[in-house]
Amino acid sequence: MSTSSSQAKWKVAIIGSGNWGSAVARIIGMNTEAQPELFDKEVRMWTYEEEYEGRKLTELFNEKHENVKYLPGVRIPDGVVAHPDLVESVKDANALVFVVPHQFIPNVCKQLKGKIPSDARAISLVKGVEVHTSHIRLFSDVIADELGIPCSALSGANIADEVARDRFSETTIGCKDDEDREKWRKLFHTEHFRVQVCDDVGGVSLCGALKNVVAVAAGFVDGLGWGNNSKAAIMRIGLMEMKNFSTAFFPDVKPETFLEESAGVADLITSCLGGRNRKVAEAFVGANTDGKHKTMEELEEEMLKGQKLQGVQTAKEVHEFLKARGKVEDFPLFTVVYRIAYEGVKPHTITAHI
């Protein structure tokens with residue numbers, strides 16, 4: 001499948017400016033500047049306005065060409081311009097890159113509805129799923145349905161700080177349209193950030209969401225000091241639950257995505273070795289021993305400084321969905337992550353539940 005609108009020059013807008021959003025903005029800024037025949041050089045980036053050291057974050061970004069709060073020390077090309085107004089940031093854009101925490105997507109789409117060109121397209125770098133009791137949707141589908149434009153997905157073994165500093169990594173783009181798929185690849189691909197493409201939008205999206213739940217479980221194991229054998233077992237069980245969940249509830253998902261693409265097993269590995277979900281889950285174990293008690297929300301605020309913890313929120317949403325479908329017992333690792341995070345189940349009992 002292809003569309004003639006893919007042949008037109010793309011004007012890119014980035015919706016989101018956190019740690020990962022800023023790392024992506026650096027890549028997009030470099031590639032739009034290097035390929036003027038394909039992309040407009042100016043890239044507007046919606047930046048949630050906040051104060052940082054007495055200054056507005058957008059002013060600091062546009063002055064220093066650096067996200068001093070979420071990605072300090074990394075210069076972002078001059079063509080990327082921060083805007084505090086969401087609607088203004090996407091004005092005239094026909095290629096939208098969504099990279100905000102998943103809980104913000106419904107409100108963002110509500111504000112953008114009716115303000116996007118009909119020939120636009122989007123790509124979701126959002127991790128998570130939308131759940132309403134027994135109904136579940138991918139955020140690529142939420143964006144497509146709400147805005148009436150096609151939406152692809154990008155996910156992979158991509159720790160933002162490493163990507164931003166040109167440490168070699170791979171990622172996967174899932175896109176249904178042949179021409180859009182190649183143009184998205186050209187927007188993101190660099191010598192150090194290798195882009196693979198496929199047509200499995202659902203598989204790429206679900207890998208990006210569900211691996212964070214497994215990373216939380218891996219963090220519990222690290223906090224308990226159980227070692228690499230235990231974490232490897234958790235990762236294997238988690239990968240199977242990711243694949244089984246995805247193929248059970250999204251029949252168009254391709255099982256090979258989980259093993260052959262960076263979005264699958266590679267992202268699971270890196271998320272269980274590093275990343276914020278593993279880090280906070282590890283701290284959660286120590287913060288809830290010897291009579292001490294801290295919630296995941298408290299640790300998120302304390303450790304992440306404004307970034308969001310996706311894994312426990314996704315575990316909660318997945319549990320709500322599985323409970324409504326009567327399938328909780330089919331996914332014991334997902335379930336025990338939810339119960340440890342929200343119901344007071346002790347982390348050291350994790351293996352008794354799986």
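**Salt bridges and local contacts in the predicted model**

A salt bridge joins the side chains of Asp 222 and Lys 231, with N and O 3.0 Å apart; the term denotes a side-chain nitrogen of Lys or Arg within 4 Å of a carboxyl oxygen of Asp or Glu. Lys 231 is buried at 8% relative accessibility, where buried stands for under 20% relative accessible area, exposed for over 50% and partly exposed for values in between (1.4 Å probe, protein chains only). The structure is a predicted model, in which local features need pLDDT of at least 70 and side-chain atom pairs count only at pLDDT 80 or more, while totals for chains, interfaces and linings use all residues. Residues are numbered from 1 along each chain as its sequence is written, and side-chain values use heavy atoms, with hydrogens and water left out.

Side chains of opposite charge can pair when their charged atoms come close. The structure holds 23 salt bridges. One of them is formed by Asp 40 and Lys 11, whose closest N and O atoms are 3.9 Å apart. Asp 40 lies in the loop between α1 (19-34) and β2 (43-46), and Lys 11 in the segment before β1 (12-15), so this pair ties together parts that are 29 residues apart in sequence. Helices (H or I, at least four residues) and strands (E, at least two) are DSSP runs, numbered from the N terminus. Asp 40 is partly exposed, at 29% relative accessible area, whereas Lys 11 is buried at 15%. Both residues belong to a network of salt bridges that also links Glu 42, Arg 44 and Glu 88.

Asp 166 and Arg 26 form another salt bridge, with the closest N and O atoms 3.0 Å apart. The pair links distant parts of the chain, 140 residues apart: Asp 166 is in the loop between α6 (160-164) and β11 (169-174), and Arg 26 is in helix α1. A relative accessible area of 28% makes Asp 166 partly exposed, while Arg 26, at 12%, is buried.

Glu 300 is located in helix α13 (residues 296-304) and is buried, with 16% relative accessibility. Its side chain reaches the backbone nitrogen of Leu 309 at 2.7 Å. Apart from neighbours within four places in sequence, Glu 300 is in contact (heavy atoms within 4.5 Å) with Lys 305, Gln 307, Lys 308 and Leu 309.

Ala 144 is part of helix α5 (residues 139-147). With residues up to four places away in sequence not counted, Ala 144 touches Ile 149 and Cys 151. The C-alpha atoms of Ala 144 and Cys 109 are 9.6 Å apart in space, and the two residues are 35 residues apart in sequence.

Methods. Polar contact = N/O pair within 3.5 Å; in protein donor to acceptor, adjacent residues only side chain to side chain.
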